[in-house]
Structures are given as structure tokens and as C-alpha cells.
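I want to look up a few local features here and jot down what turns up.

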Amino acid sequence: MSIKKSINSFQIVGTLDEINLQIEEEKEVVLKGNGKEKKIKCNVISKKDFKNPAVTVNTTCGGVVGVDVFPTYEKKLDEDGKVVDNPRYKSLLAVLDFKPKETRVKVDASLGVNEYVNDKGEYISISRLNAFTISHSNVPEEDCTDGDLSGIIKAIKDEIKNEEETGRKIVDYFYFDYNGNALPISLVVNEDLADDFENIYEVGSSCLLNVEVVSNVLKVKYVTKNMECSVKYIYGDKSVT
């Protein structure tokens, strides 16, 4: 089963908590666009510590939410292959002047993965929000951590802890990034709505989940039945409570 149009869109609104960004000056990069490439030297905004989020946002509704950004070049190629200023760099440069603990921000993002090899040589893959824009203008008054995430259900299983069923369900779910890659994530459905979830959705079903990020927890709204249930990320084989 396939999804006609995949949706992966989040908006985080709150107070900037920490900034983990740096400017790398005169770095040699390769600009690509419209089938053209050009090697130049320019400034690049990237993360200081690649293992941690680029910024964290403190929200009243979801706690502290971490967001990543991709390395952003000062220049880009236009349609004619000419080197021009990159407006996304200018926008991200402004973030470095924001005041943590004071500046209210709005982040538009999508869910993806942060992959790296740690100092023990172990491969690490962590689900994380990736920002398209981080702005301090026209920020809504109310904090939010809302998202829409479409995907396909691979499996619905009983959650077992200490060799006993908890009453909750583990849902293995495939969602899609903006490159069309199917990415796995596991969700936990609370016991009070586990049966309803299983009655509505079958393995192989495609669905759109309206979610709210609460630290490492997602709250999903099932519009067709006006139901709600709480789910949470599982990073690797470790459940984050």
C-alpha cells in the first residue's frame, strides 16, 4: 500500500533555550543546483556539537524540544549557475543573535534522523526534527509543538516489560522524509486507547497522524473518531519515558 501524498510537517513555538551553532569561515564547499556544480570558499553555519540539537526550544506544552539544521552555505547557485547570496544563510545568521531564555521563536520543521558514529565506533541513529526556518517575527502568542505525520503501519504488538503485558501497544510505523525515503519509528499507544487503535487501524494501513511533541512524547489525534491517544518515540531499543 502506498500514500498518494506524504505529509511530514511540524511547528514548534516557544522560548529559545540553547544555541548549538557556529560559523565556519572560508570553508571549501561544492555548490550544486540545476545539474551544475561549482567549487568555492564561503562561510558555513553548522552545529558545534554534531551529537546535540542545533537549537532547543522551551515550550509550556511540550517541555524542551530539540531541533536540527543542515549545514547552510553563505552562497548558492541561481538558475543560471551563478553564485549568489543564500537567503537561508542570512536567516540562520540572525538566529546567532537571538538571546537564549528570552527570545520567542517559531520553528517550521519535519521529522527525520540524525545519524553518526560515536567515539566507540558505534553507529547511532536518532529521530529528530529538522528545521526549515527559525524565526523570531510573527511568532504566535501560544506555545505549540504540533505536527502532521503520514505513514504506513508495519506492526501492532503488545508491549512486554518484565515478562508481563503492560496493556499498551507497540506500533512499528514507517513515515516519509522529503526525499521520499521511508523511515522507521516505533510508537507506544497508552492502554486506555490501545484497543481502539487496533480496531481502527490494520497492519498495512496508511494513515495521517496529527501529533503534538511533548519532550520525547507524541500525542496523536484520530480525527475520524475524535479520539486521542498518547504515543512516544523509541530511540533504537531504548524506550524514552
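**Strand β2 and its sheet**

I started with E26, which sits in strand β2. Helices (H or I, at least four residues) and strands (E, at least two) are DSSP runs, numbered from the N terminus. Before going on, I noted that this is a predicted model, where local features need pLDDT of at least 70, side-chain atom pairs count only at pLDDT 80 or more, and totals for chains, interfaces and linings use all residues. Residues are numbered from 1 along each chain as its sequence is written, and side-chain values use heavy atoms, with hydrogens and water left out.

Back to E26: its phi is positive, about 50°, although E26 is not a glycine.

Which strands form the open sheet, and in what order? I get 3 strands, in the order β2-β3-β6, with antiparallel pairing. β2 (21-33) and β6 (72-73) stand at the edges with a single partner strand each, so one side of each has no neighbour in the sheet. Two strands pair if DSSP finds at least two bridges between them. For β2 and β3 (residues 36-47) there are 11 bridges, in the antiparallel sense. L21 stands opposite K47 in β3.

I also checked what lies across this sheet. Helix α1 (residues 87-95) lies across β2, β3 and β6 and runs at about 15° to β3. Axes are lines fitted to C-alpha atoms, for helices over the stretch in contact (heavy atoms within 4.5 Å). The angles run from 0 to 180 degrees between N-to-C directions.

**Two loop residues**

H136 is in the loop between β10 (123-135) and β11 (144-161). The cut-offs for relative accessible area are under 20% for buried, over 50% for exposed, and partly exposed in between (1.4 Å probe, protein chains only). Leaving out residues up to four places away in sequence, H136 touches F98, T103 and R104. H136 and K106 are 30 residues apart in sequence, yet 6.3 Å apart in space, C-alpha to C-alpha.

Next I looked at N162, in the loop between β11 and β12 (164-176). N162 has a positive phi of about 55° although it is not a glycine. With a relative accessible area of 77%, N162 is exposed.

**Aromatic rings**

How many aromatic pairs does a search of the whole structure find? I found 1. The ring centres of F197 and Y201 are 5.2 Å apart and their planes are at 55°, so the pair is tilted. Rings of Phe, Tyr and Trp (its six-membered ring) pair if their centres lie within 6.5 Å; planes under 30 degrees apart count as stacked, over 60 as edge-to-face and the rest as tilted. F197 and Y201 are both buried.
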